[in-house]
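This report looks at charged side-chain pairs, a metal site and a pair of packed helices. Please keep the sequence and the structure at hand while reading.

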Amino acid sequence: MIQFDNSYARLPDRFYARVEPSVAPAPGLIALNEPLAERLGLDAGWLKSDEGLAVLAGQARAEGSEPLAMAYAGHQFGHFVPQLGDGRAILLGEVRPEAGRRFDIQLKGSGKTPFSRGGDGNAALGPVLREYIVSEAMAALGVPTTRALAAISTGANVFRESLLPGGRVVRVAESHVRVGTFQYFAARGDVEALKALSDYVISRHYPEVAGAEQPALALLQAVVSRQATLIAQWQALGFIHGVMNTDNMSIAGETIDYGPCAFMDGFDPAQVYSSIDHHGRYAYQNQPAVGQWNLAMLAQCLLPLIDADEDEAVRLVQAAVDGFVPAFQRAYVTRFTAKLGLADVREGDVELVGGLLGVMATGAADFTLGFRLLADQIENVNQDFLDLFDGADGLGDWLERWRARLRLEGRSAGEVRAQMLGVNPLYIPRNHLVEEAIAAAYDGDFGPFHALNDVLASPFVEQAGREIYAVPPRPEQIVQQTFCGT
Ligand code: AMP
Ligand code: MG
């Protein structure tokens with residue numbers, strides 16, 4: 001069984017709407033994430049039982065559950081929308097696996113809520129499986145992220161471009177508070193709610209700032225720092241979130257809301273996959289700047305909590321938001337120098353990283369394999385590596401500079417190689433593999449979905465017989481566009 005304990009439901013009524021999940025005519029368990037269940041202190045055997053499935057699918061209430069849809073606002077592609085909110089997700093409750101740890105269990109695709117606006121509140125199976133695959137892959141890659149506890153089929157169809165089988169994903173998060181949650185109350189001039197929300201977030205996610213002289217300012221600084229690190233991790237993996245609206249930015253610093261996200265194949269800094277990102281606002285290379293812009297929106301919301309003198313408050317939050325740039329740079333350089341097999345960061349390393357990325361961009365080299373196979377070029381160049389580059393101008397020179405830099409550290413090739421293989425994954429959720437798994441599932445075959453999850457659970461370990469999962473798409477397999485599909 002699950003025992004919920006709901007801190008969010010104890011916040012004022014205007015933070016959410018109480019709502020029941022809709023009926024799923026014939027819920028079926030597609031996948032249960034047993035290791036995650038265990039980490040949450042939940043009994044996987046029970047979750048797989050009819051009773052457990054009924055709770056996961058929102059068809060029965062577990063003890064202490066107080067289902068609710070959270071209110072939030074957000075900037076969508078730069079335009080402020082004062083009311084968004086959970087339109088197709090319901091927070092079932094929070095679990096506490098250990099003292100001081102609390103996780104949200106949220107059901108997505110659970111039917112209409114007062115925040116659904118024009119939407120039906122449902123999810124098709126495709127986006128459910130996509131979120132399951134990619135969020136779990138991110139976790140295995142060591143990136144802070146919401147997790148997927150279960151994927152469920154509903155037995156009902158949903159209408160998108162055509163009729164598709166419906167699904168639900170049971171999502172686990174540190175919390176579902178977003179930058180947009182603060183914006184919801186700021187837009188209403190509700191300073192009392194902002195204070196309550198800020199206190200809540202501090203006690204749940206940033207207890208270390210509770211004693212600060214200016215807790216709201218310290219909170220902002222802490223969120224800036226977590227987001228800077230998070231986005232640096234995305235960059236280091238070639239991950240493109242796709243919809244970095246302020247309502248899709250977690251206050252706890254987790255990657256959240258997997259829609260048209262994608263890992264890059266060939267490296268192109270301007271890469272965009274999302275079908276709705278017409279101007280490339282959320283292109284790979286724009287992610288850091290957009291992250292900082294989102295944090296500036298958060299900063300604005302916090303002004304009334306920081307200083308009665310608005311000029312002084314603005315000066316303080318501006319400095320905090322400016323702190324994003326050095327924090328991101330530090331995290332970025334640390335990640336990328338580690339990818340190059342370096343033990344520390346020295347002068348000139350930023351240029352060294354940039355040099356390789358430049359050659360990779362010119363040669364449209366596969367981002368993931370470019371770094372992975374670099375571990376085999378410490379002493380000699382091999383053909384597999386060269387074959388990744390469509391034109392390798394400058395590559396020879398770069399490799400010489402890199403080797404000279406490695407020699408400065410005097411570590412053995414074996415040691416350097418081991419480090420590189422531990423940070424440069426071999427397996428990522430490649431877009432064409434994700435699409436294939438979804439297509440097979442729509443045909444009733446969940447084999448490819450399970451097989452893909454299995455490979456991605458150990459992204460840094462070469463797995464015999466699974467070579468196909470590491471290979472970039474053939475030209476006809478390349479996915480050019482991804483869709484929200486909601
Ligand atoms: P997202 O694309 O996940 O960032 O969602 C943006 C907003 O649209 C959120 O308020 C969602 O709850 C809402 N939304 C997205 N899809 C649906 C849907 N099928 N039904 C109702 N609301 C939705
Ligand atoms: Mg969203």
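## Helix packing, salt bridges and a metal site

Helices H6 and H7 are oblique to each other, as seen in this predicted model. The helices concerned are H6 (residues 191-205) and H7 (residues 215-237), which pack at an angle of about 55° with their axes 10 Å apart. The contact involves Ser198, Val201, Ile202 and His205 on the H6 side, and Pro215, Ala216, Leu219 and Arg226 on the H7 side. In this arrangement, the crossing of H6 past H7 is left-handed.

The charged pairs come next. Side chains of opposite charge can pair when their charged atoms come close.

| Salt bridge | N to O distance |
|---|---|
| Arg18 with Glu66 | 3.4 Å |
| Arg160 with Asp120 | 2.7 Å |
| Arg147 with Glu136 | 2.7 Å |

The salt bridge between Arg18 and Glu66 links distant parts of the chain, since Arg18 belongs to strand E1 (residues 16-18) and Glu66 to the loop between helix H3 (50-56) and strand E3 (68-70), 48 residues apart. Arg18 is partly exposed, at 48% relative accessibility, and Glu66 is likewise partly exposed, with a relative accessible area of 28%.

What of the burial of Arg147 and Glu136: are they buried or exposed? Both Arg147 and Glu136 are buried. Their salt bridge connects strand E9, where Arg147 sits, with helix H4 (residues 125-140), which holds Glu136, 11 residues apart. Elsewhere, salt bridges that share partners join Asp5, Arg10, Glu94, Arg96, Arg102, Asp104 and Arg204 into one network.

The remaining topic is the metal site. The magnesium ion (ligand 2) is coordinated by Asn248 through OD1 and by Asp257 through OD, at 1.9 to 2.2 Å. Asn248 is buried, with a relative accessible area of 12%, and Asp257 also counts as buried, at 12% relative accessibility.

Conventions: Residues are numbered from 1 along each chain as its sequence is written. Chains are lettered from A and ligands numbered from 1 in the order in which they are written. This is a predicted model: local features need pLDDT of at least 70, side-chain atom pairs count only at pLDDT 80 or more; totals for chains, interfaces and linings use all residues. Side-chain values use heavy atoms; hydrogens and water are left out. A salt bridge is a side-chain nitrogen of Lys or Arg within 4 Å of a carboxyl oxygen of Asp or Glu. Helices (H or I, at least four residues) and strands (E, at least two) are DSSP runs, numbered from the N terminus. Buried means under 20% relative accessible area, exposed over 50%, partly exposed in between (1.4 Å probe, protein chains only). Donors are N, O and S atoms within 2.8 Å of the metal (3.2 Å for Na, K and Ca); water is not among the atoms, so sites may look incomplete. Axes are lines fitted to C-alpha atoms, for helices over the stretch in contact, and angles run from 0 to 180 degrees between N-to-C directions. Angles under 35 degrees count as roughly parallel, over 145 as roughly antiparallel, 65 to 115 as roughly perpendicular and the rest as oblique. A crossing is left-handed if the near helix is turned anticlockwise from the far one by less than a right angle, and right-handed if clockwise. Contact means heavy atoms within 4.5 Å.
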